[in-house]
Amino acid sequence: MNDSWIVRKETKPIFVGDVGVGGSHPISIQSMTNTNTADVQATIGQIEDLQAAGADIVRVSVPDKECAIAFKKIKTAVTIPLVADIHFDYKIALLVADSADCLRINPGNIGKADKVQQIIQAAKDNNVPIRIGVNAGSLEKDLQKKYGEPNSDALVESALRHVEILDRYDFQNFKLSLKASNIKMTVESYRKFSKLLDQPLHLGITEAGSYRAGSVKSSIGLGLLLAEGIGDTIRVSLASDPVDEIKIGWDILKSLNLRSRGIRIIACPSCSRQNFNVIEVVNELERRFEDISDDLEVAIIGCYVNGPGESKAADVGLTGGPSNLLYVDGSPLKKVSNEKLVDTIESQVREKLEKKASDNIIAKG
Ligand code: SF4
């Protein structure tokens, strides 16, 4: 789903497991586990929760050998592509290169060139891509000195250095991120870098903050870039349950009509004209629709001021009034009492989805 008001930059596609990143592949959504990776069962459980919420790719930190051994076990138990997040110790990357779907490294903190070379060779041998993660918080010391403080030029220069290292070993199977917690710096960095190279870009506002503030910050930062066609995969970084990162990631892509998943609820903010409790109905429906991944638009509008227009435009719509009116496919279907609102809308939506599914089966013959 792309209304084509956004023209995406066509980057060189790579594959993280079976998920294409870049080119014309859909913008993928990632999160990162926050369990102890050595706790195999807990980590598998969280990966499955993230997958159920709509994650395309999950990143798992691998800080030591024990976690590397656990990572291999985890990988055999899950179906979603896993990125191994590695810092400082090149041997960890060598250990997991045969099981990871992508290695996230920062050549700058791996150390001597021969160590970086060994990681690149392992990635080549296993046909695994690398994600270079440049971060304003861990810029090389000489760049900090040169620029005085982290800025977009420093981030871009750091990224280009890393690209040069990969180029030296003729390695093109990589994507990059240039993250900062500051929206302006992040947006400028990605804009500048995107003009220079065609590698896929992983977007994120790092350390964005709490659930609420971080969601807003990420939506603005990622939204600005995505609307300009920049970005092939995203992570919303929140100090919150990782599942929230996936939900917000989807909401960002859905808001820009870049991807669709699940029920899109259009609701009025409600006011004294409302003929039923709009907020309660919307919250309850959102909870009940969590298991649905098919795309459908549902309008919940409190009164006749905006109700008929929005309800007719949605797949299923409800306009509040002295008699609440249910619309299906643009036409009024029946009156619904306040007590039966949620149940009626839910069953109407599920009925429509079942019909859609059986129509698809018939169409496929
Ligand atoms: S649609 Fe009606 S109830 Fe909803 S905010 Fe507008 S005037 Fe108020």
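**Strands, spaces and a ligand shell**

In this predicted model, all six of the six residues of strand β7 (residues 130–135) are buried, so β7 is largely enclosed by the rest of the structure. Buried here stands for under 20% relative accessible area, with a 1.4 Å probe and protein chains only. Strands are DSSP runs of E with at least two residues, helices are runs of H or I with at least four, and both are numbered from the N terminus. Residue numbers start from 1 along each chain as its sequence is written. As the model is predicted, local features need pLDDT of at least 70 and side-chain atom pairs count only at pLDDT 80 or more, while totals for chains, interfaces and linings use all residues; side-chain values use heavy atoms, with hydrogens and water left out.

Side chains in a regular strand alternate between the two faces of the sheet. In β7, I130, I132 and V134 sit on one side and R131, G133 and N135 on the other, and both faces are covered. Strand β6 (residues 102–105) also has both faces covered, with C102 and R104 buried on one side and L103 and I105 buried on the other.

Where do these strands belong? They are part of an open sheet of eight strands, paired in parallel and ordered β8-β7-β6-β5-β4-β3-β10-β9. The edges are taken by β8 (174–179) and β9 (202–203), each with a single partner strand, so one side of each has no neighbour in the sheet. Pairing requires at least two bridges between two strands, as found by DSSP.

Going through part of the sheet, strand β4 (residues 57–61) is joined to strand β5 (residues 82–85) by four bridges, in parallel, and S61 has D85 in β5 as its bridge partner. Next, three bridges link β5 and β6 in the parallel sense, with V83 opposite C102 in β6. Parallel strands β6 and β7 are likewise joined by three bridges, and here I105 stands opposite I132 of β7. Six bridges then hold the parallel pair β7 and β8, where V134 is partnered with L178 in β8.

An unreviewed UniProt entry annotates residues 11–250 as "domain: IspG TIM-barrel". That stretch is 48% helix and 17% strand, and its end C-alpha atoms are 21 Å apart.

Now for the spaces. The largest pocket has a volume of about 730 Å³, and 23 residues line this pocket, with K247, D251, K254, I263 and E286 nearest its centre. Helix α10 gives the most to the lining, seven residues; α1 (40–53), α10 (242–255) and β11 (263–267) each supply at least two. By class, the pocket lining has eleven nonpolar, three polar and nine charged residues. A pocket is an open set of points on a 1 Å grid over the protein atoms alone, with protein on both sides within 12 Å along at least five of seven lines, whereas a cavity is a set where a 1.4 Å probe fits but cannot get out; lining residues have an atom within 4 Å of a point.

There is one cavity of 30 Å³ or more. The largest cavity has a volume of about 50 Å³, and its lining includes K9, T11, S194 and D232. That lining divides into three nonpolar, five polar and two charged residues.

Finally, the residues around the ligand include C268, C271 and C303. This shell (heavy atoms within 4 Å) has five nonpolar, four polar and no charged residues.

Notes:
Grid points are joined across faces, edges and corners, and a volume is the space filled by probe spheres set on the points. Ala, Val, Leu, Ile, Met, Phe, Trp, Tyr, Cys and Pro count as nonpolar, Asp, Glu, Lys and Arg as charged, and the others, Gly among them, as polar. UniProt positions are given in the numbering used here, feature names are shortened, and annotations may be inferred rather than shown by experiment. Buried means under 20% relative accessible area, exposed over 50%, partly exposed in between (1.4 Å probe, protein chains only).
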